[in-house]
Number of protein chains: 2
Amino acid sequence: MAGSDTIAVTAPADFHVHLRQGKFSELVTKHVRLGGFTLAYVMPPIRNAEEALLYKAQLQVIDPTVDYLMTLYLSPELTPDEIRKAAKCGIVGVKSYPRGVTTNSDGGIESYETYYPVFEAMQEVDMVLNLHGEIPSDPSNNVCVLNAEISFLPHLEKLHANFPRLRIVLEHATTRAAIECVKKLGPTVACTITAHHLAMIVDDWAGQSFHFCKPVAKFPDDRTALQEIVKQGHPRFFLGSDSAPHPPDRKSRSSPNQPCAAGVYTSPILLPLMAHLLESFGALDKLENFVSGYGRAFYKVPAHEEKVTLKRVSGKLVSNQWSLGEESVVPFYAGKDLGWEIVSDN
Amino acid sequence: MAGSDTIAVTAPADFHVHLRQGKFSELVTKHVRLGGFTLAYVMPPIRNAEEALLYKAQLQVIDPTVDYLMTLYLSPELTPDEIRKAAKCGIVGVKSYPRGVTTNSDGGIESYETYYPVFEAMQEVDMVLNLHGEIPSDPSNNVCVLNAEISFLPHLEKLHANFPRLRIVLEHATTRAAIECVKKLGPTVACTITAHHLAMIVDDWAGQSFHFCKPVAKFPDDRTALQEIVKQGHPRFFLGSDSAPHPPDRKSRSSPNQPCAAGVYTSPILLPLMAHLLESFGALDKLENFVSGYGRAFYKVPAHEEKVTLKRVSGKLVSNQWSLGEESVVPFYAGKDLGWEIVSDN
């Protein structure tokens with residue numbers, strides 16, 4: 001497949017995306033399909049099944065051609081009953097953010113134990129637990145954004161040991177240690193990898209706010225580990241873009257008292273970007289599985305028949321900005337040449 | 001001394017500062033004295049003795065009350081003869097930046113050997129070698145901004161082994177490894193530490209462009225090592241602020257194709273800031289030696305009699321900006337309370 005001038009990918013699926021609310025959502029939700037994707041696993045701060053269904057309906061109004069898989073936010077108000085209800089409503093997963101689980105502030109260590117009844121119910125109904133795998137920074141214990149992910153891994157291991165049948169996804173892994181840990185844990189534990197973490201190291205976001213995201217990109221060797229697992233075609237490692245739009249002035253500007261917003265925006269260019277990146281490290285033949293097959297298999301969401309075709313192109317630069325009314329957003333790779341574009345159906 | 005409400009410091013000396021050119025220099029040069037300092041060790045990109053003397057004269061016109069110690073920039077055009085001439089002109093040191101020494105790009109390893117005749121001459125005339133101690137990032141060898149300093153230390157050790165009588169200063173150390181290395185190397189090797197590296201870790205510059213500088217601030221444990229060596233009162237570790245002014249829009253803004261400028265600006269608040277920081281980790285009793293005595297001893301620049309007095313104050317906030325005509329600059333700690341101010345002589 002590498003070297004050919006077109007690639008047809010069956011039903012690309014982004015297993016981690018942020019689609020926002022209101023007018024901004026109208027702008028960015030359409031970018032899922034624009035970027036070549038037909039499924040969006042939506043990570044909103046949504047607390048119960050009813051809200052999730054309402055949000056899903058709003059997204060469907062904006063673009064009915066995309067499958068939206070919905071998640072709930074792990075918080076103390078989430079009960080085993082709500083889990084069973086959510087599962088019946090077709091909600092697929094529960095997302096845990098570090099701040100949601102920091103019930104024990106002793107040394108920055110998180111305690112998931114208060115959520116064990118919820119996890120028990122999730123295991124029963126076969127829902128997926130999505131983990132933002134970082135512990136909060138805690139300088140007194142030498143924990144900072146650079147080792148927050150590595151420091152989280154023992155919590156992942158413990159969770160898996162206690163709930164071996166619970167499907168768990170470690171989201172947006174950034175380190176060799178995380179890759180090794182997920183590999184070791186067996187078939188119920190998977191891992192998403194973003195486009196931008198396949199592209200960047202710490203140098204790329206140092207002083208460059210458009211490239212700043214959480215988790216931060218790490219050492220070159222960590223990026224190599226991410227690329228290697230993709231190249232190897234390991235079925236428990238698949239794309240979750242964590243595409244996170246922010247208004248341009250929240251990305252471009254800092255003041256002494258306000259940092260820029262964290263997040264890299266890849267949705268509108270996602271499939272061409274994936275082809276560009278995978279080709280750069282010799283993994284273009286893994287494109288379809290990485291952006292569709294492996295994730296769909298883990299999530300048990302079979303692909304429909306639709307194929308999205310990419311063709312080689314040169315000299316076409318990524319737009320510097322997408323806008324809708326007063327809303328706008330600047331993509332990753334703005335102004336650069338990806339070398340691939342989506343072939344229009346029309 | 002800790003706990004008292006005034007502190008008198010003899011002749012504060014900043015052994016690493018950037019004073020720029022032209023109009024911008026008029027603004028920032030006056031901030032040396034405003035920040036309580038009477039000596040500035042000036043780090044410009046200056047290539048020979050004549051230029052250095054001219055630049056010194058320009059600085060003296062702006063503020064004649066400060067002692068300016070001048071340095072040259074290590075480059076292939078610097079000869080042993082120029083070193084001997086510079087020494088006679090009172091020029092104190094030679095500054096090496098990584099880009100100046102990357103004559104061998106093999107694996108990002110720097111080769112200083114082409115400069116050995118220059119170092120030989122410097123050792124003869126007792127000039128100081130100031131090292132920006134980072135090797136260039138080289139992802140293929142896992143070198144990035146986070147380990148660029150640690151990767152440089154073998155070069156420092158080799159230089160010292162070859163020129164044991166050459167006084168060397170490792171500038172703006174940021175890691176425990178650098179501190180340990182300098183401690184080990186004995187009386188001809190010293191180390192400057194900035195104010196901002198005593199204050200920050202990586203989390204502080206992640207997404208916060210005003211806090212972005214090179215070398216980048218590292219792990220909490222690295223900051224602890226810097227604080228500990230100051231608290232211990234080790235005579236070969238002293239202040240060099242690396243205060244580096246940039247226009248505010250070069251600090252606050254990134255575009256997708258241009259990162260912000262690297263540098264943290266501390267000059268106008270430097271002595272109160274040092275008192276604030278040293279007090280925060282129980283080292284206020286080391287203030288005078290850290291900001292004056294130790295550096296002056298290493299550089300053989302005895303203190304004159306002038307004392308600068310600090311007093312405790314509360315509720316006085318650091319200015320958000322200093323301006324002169326169209327030039328302006330935003331300081332570190334803008335809008336924050338340092339708890340100390342300089343007592344005016346008037």
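In this predicted model, the side chains of A:Arg176 and A:Glu228 meet in a salt bridge, with a distance of 3.5 Å from N to O. A:Arg176 belongs to helix α7 (residues 176-185) of chain A and A:Glu228 to helix α10 (residues 220-232) of chain A, so the pair ties together parts that are 52 residues apart in sequence. A:Arg176 is partly exposed, at 25% relative accessibility, and A:Glu228 is also partly exposed, at 40%.

**Other salt bridges**

- Over all chains, the structure holds 34 salt bridges.
- A:Arg312 pairs with A:Glu279 in a salt bridge whose closest N and O atoms are 2.8 Å apart.
- Because A:Arg312 lies in strand β11 (residues 307-312) of chain A and A:Glu279 in helix α12 (residues 270-280) of chain A, this pair ties together parts that are 33 residues apart in sequence.
- A network of salt bridges links A:Asp5, A:Glu279 and A:Arg312.
- A:Lys23 forms a salt bridge with A:Glu26, at 3.6 Å between the closest N and O atoms; both residues lie in helix α1 (residues 22-34) of chain A, 3 residues apart, or about one turn of the helix.
- An α-helix has 3.6 residues a turn, so residues three or four places apart point the same way.
- A:Lys23 is exposed, with a relative accessible area of 52%, whereas A:Glu26 is partly exposed, at 32%.

**The contact between the chains**

- Chain B and chain A each bring 34 residues to the contact.
- The area buried between the two chains is about 2,800 Å², and carbon and sulfur atoms give 62% of this area.
- B:Gly207, B:Phe219 and B:Pro256 supply 18% of the area that chain B buries against chain A, more than any other three residues.
- Between chain B and chain A there are 0 salt bridges, but 18 residue pairs are in polar contact (both at pLDDT 80 or more).
- The side of chain B that touches chain A has 18 nonpolar, 11 polar and 5 charged residues.

**Cysteines**

- The count of disulfides over all chains is 0.
- The sulfur of A:Cys144 is 13 Å from the closest cysteine sulfur, in B:Cys144, which is too far for a bond.
- B:Cys191 is in no disulfide, and the nearest cysteine sulfur, that of B:Cys181, is 9.3 Å away.
- A:Cys144 is buried, at 0% relative accessibility, and B:Cys191 is buried with a relative accessible area of 0%.

Definitions and conventions
Residues are numbered from 1 along each chain as its sequence is written. Chains are lettered from A and ligands numbered from 1 in the order in which they are written. This is a predicted model: local features need pLDDT of at least 70, side-chain atom pairs count only at pLDDT 80 or more; totals for chains, interfaces and linings use all residues. Side-chain values use heavy atoms; hydrogens and water are left out. Contact means heavy atoms within 4.5 Å. Buried area is the accessible area (1.4 Å probe) that two parts lose on being put together, summed over both. A salt bridge is a side-chain nitrogen of Lys or Arg within 4 Å of a carboxyl oxygen of Asp or Glu. A polar contact is a pair of N or O atoms within 3.5 Å; within protein, one must be able to donate a hydrogen and the other to accept it, and residues adjacent in sequence count only if both atoms are side-chain atoms. Ala, Val, Leu, Ile, Met, Phe, Trp, Tyr, Cys and Pro count as nonpolar, Asp, Glu, Lys and Arg as charged, and the others, Gly among them, as polar. A disulfide is a pair of cysteine sulfur atoms within 2.5 Å. Buried means under 20% relative accessible area, exposed over 50%, partly exposed in between (1.4 Å probe, protein chains only). Helices (H or I, at least four residues) and strands (E, at least two) are DSSP runs, numbered from the N terminus.
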